[in-house]
There are 2 protein chains.
Amino acid sequence: MPNQTDPLDARRPPTATRRRRADDARVVADVLRRGIDRGDRIGAIDESALTTEFDVSRNTVRDALAILSAEGQIDRSPRVGTHVVRRKAEHGIDALRGLQETLRGLGEVHNEVRVATVLRAPAAVARRLEMSPGDDVVYIERIRRLDDEPISLDLTYLTPDVGIPLLEHDIENTDVFTLLERVSGTRLHSAEQSVEAACADPHSAANLDVPSGTALLLIERLTRLGPTARPVDLEYLRLRSDRISLHATAFRDPQPIGEPR
Amino acid sequence: MPNQTDPLDARRPPTATRRRRADDARVVADVLRRGIDRGDRIGAIDESALTTEFDVSRNTVRDALAILSAEGQIDRSPRVGTHVVRRKAEHGIDALRGLQETLRGLGEVHNEVRVATVLRAPAAVARRLEMSPGDDVVYIERIRRLDDEPISLDLTYLTPDVGIPLLEHDIENTDVFTLLERVSGTRLHSAEQSVEAACADPHSAANLDVPSGTALLLIERLTRLGPTARPVDLEYLRLRSDRISLHATAFRDPQPIGEPR
């Protein structure tokens, strides 16, 4: 950032050369984005105040706001000015909860069930679910809506012992996690989750009602059931990153017994 | 997926209509992607075998491979055929480790330090670090390379009590986490992490040596130090999703004492 009053000039590495405006705009956008996500920034955004807060030019602030506008986080219109559209929903991935449980209080979750069927498990899916290739597996594909807005496209493979009874239930209005516990009579155990980013291909974008190229979070989640922790549920989730952010708290050392995690 | 032998036709919801090829291609791509990430699939990819495994047409398999090729996960060339480029590095976000600690064994991490300076803390940054707006804050910007390939663009704000001594150390070759523990003489406590997805803007893409529009993971990480868990380190990380995936294990219920987490 320009214009810093630096008492440590002698210590500054030689690589700290002239900043490009794009670098500064990215810093401003990153800090603002998270403030909006958390609800720290709501309503109107004052360009002058940002110029002062971040010690950057008005053009840099405008570049930062253009980034956030392209992401759908703020709205810029000539008469109304710049304002925050809304904060994101937060999805904790350090606890095992379904989307409906996670978004309780933010709106109503409804699932559009596009497919719910039994098919032969692809070898890669069978391996993860500790089945044999070609065994029957239940496959469910849902578009999940929060107050009618699509926020997630979920592909779910279930082992047939829990998956077939689950198909008898109201999968349009109930989390798979809730139903797994209901049909099995045991609690879920844990899930291994992998997170990647993707830019929506045209078809995914159309399904999720966003412009092509919108950033998505891809999550693979292998969920285990009961005291034996057997894998029963392999999911591939595509979440709109403009509507949902993921959260996790990590500890450096194992926590002492009795310490809340 | 087409051609399933479904013993449960009566139970199949009416929404399970004719599948579009793009839907099937996405399923195949999602399952393949994670297999590649994990190292389950290496070397040559056999289109015919995938056609059989997923019970889809040859064109659907080709669409799926086109998705993975665009993501840089596989290489398709006329003479050599289709093969996996490499697996991704895995970054656990349920434990608190620096990138160098995480990638140990996968290659050498080197940090290109673009900025390392003291500046006045923007109000939003000061708030997160429990400082006053305008207080001095140490700002470091690094491009992090694994074996000379840029994989992460990191913006770091540090409270001056730890940040200023840290600037005296070898930040080109050492994780900030390691240095924070060295200069403070105490262990890190924990970090709150938020994860979002972004499609690289042209400037970020140039910094990370990827095509514009490549998917990135944005992580905000607030790291706390010592037994009082005071916030000292606020970071905005931009990770190449084509090189790194994030991992976390979640439990449904609190684990019994003595149970390994």
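Buried area is the accessible area (1.4 Å probe) that two parts lose on being put together, summed over both. This is a predicted model, in which local features need pLDDT of at least 70 and side-chain atom pairs count only at pLDDT 80 or more, while totals for chains, interfaces and linings use all residues. Residues are numbered from 1 along each chain as its sequence is written, chains are lettered from A and ligands numbered from 1 in the order in which they are written, and side-chain values use heavy atoms, with hydrogens and water left out.

View 1. R26(B), E196(B) and R252(B) supply 10% of what chain B buries against chain A, more than any other three residues. The contact (heavy atoms within 4.5 Å) takes 99 residues from chain A and 98 residues from chain B. The copies meet through the same surface, because 100% of the interface residues of chain B are also interface residues in chain A.

**View 2. The largest nonpolar core has 34 residues.** Such a core is a set of buried Ala, Val, Leu, Ile, Met, Phe, Trp, Tyr and Cys residues joined through side-chain atoms within 4.5 Å; buried means under 20% relative accessible area, exposed over 50%, partly exposed in between (1.4 Å probe, protein chains only). V195, L217 and L246 of chain A, along with V195, L217 and L246 of chain B, touch the most other members. Strands β7 (188-199), β8 (215-225), β9 (230-240) and β10 (244-251) of both chains each supply at least two residues of this core. Leaving out residues up to four places away in sequence, V195(B) touches partners that include V195(A), L217(A), I93(B) and L246(B).

**View 3. Eight strands form an open sheet with mixed pairing.** Helices (H or I, at least four residues) and strands (E, at least two) are DSSP runs, numbered from the N terminus, and two strands pair if DSSP finds at least two bridges between them. The order is β3(A)-β10(A)-β7(B)-β8(B)-β9(B)-β6(B)-β5(B)-β4(B). β3 (89-92) of chain A and β4 (109-120) of chain B stand at the edges, each with a single partner strand, so one side of each is left without a neighbour in the sheet. Further in, 10 bridges join β8(B) to β9(B), which run antiparallel. T223(B) stands opposite D233(B) in β9(B).

**View 4. Helix α7 (residues 176-184) of chain B packs on the sheet.** The helix touches β5, β6, β7, β8 and β9 of chain B. Its buried residues include V176(B), F177(B) and L180(B). After α7(B) comes G185(B), with a positive phi near 70°.

**View 5. Finally, a hairpin joins β1(B) to β2(B) through three residues.** Strands β1 (residues 74-77) and β2 (residues 81-84) of chain B pair in the antiparallel sense over four bridges. Opposite H83(B) in β2(B) stands D75(B).

Note on methods
Axes are lines fitted to C-alpha atoms, for helices over the stretch in contact, and angles run from 0 to 180 degrees between N-to-C directions.
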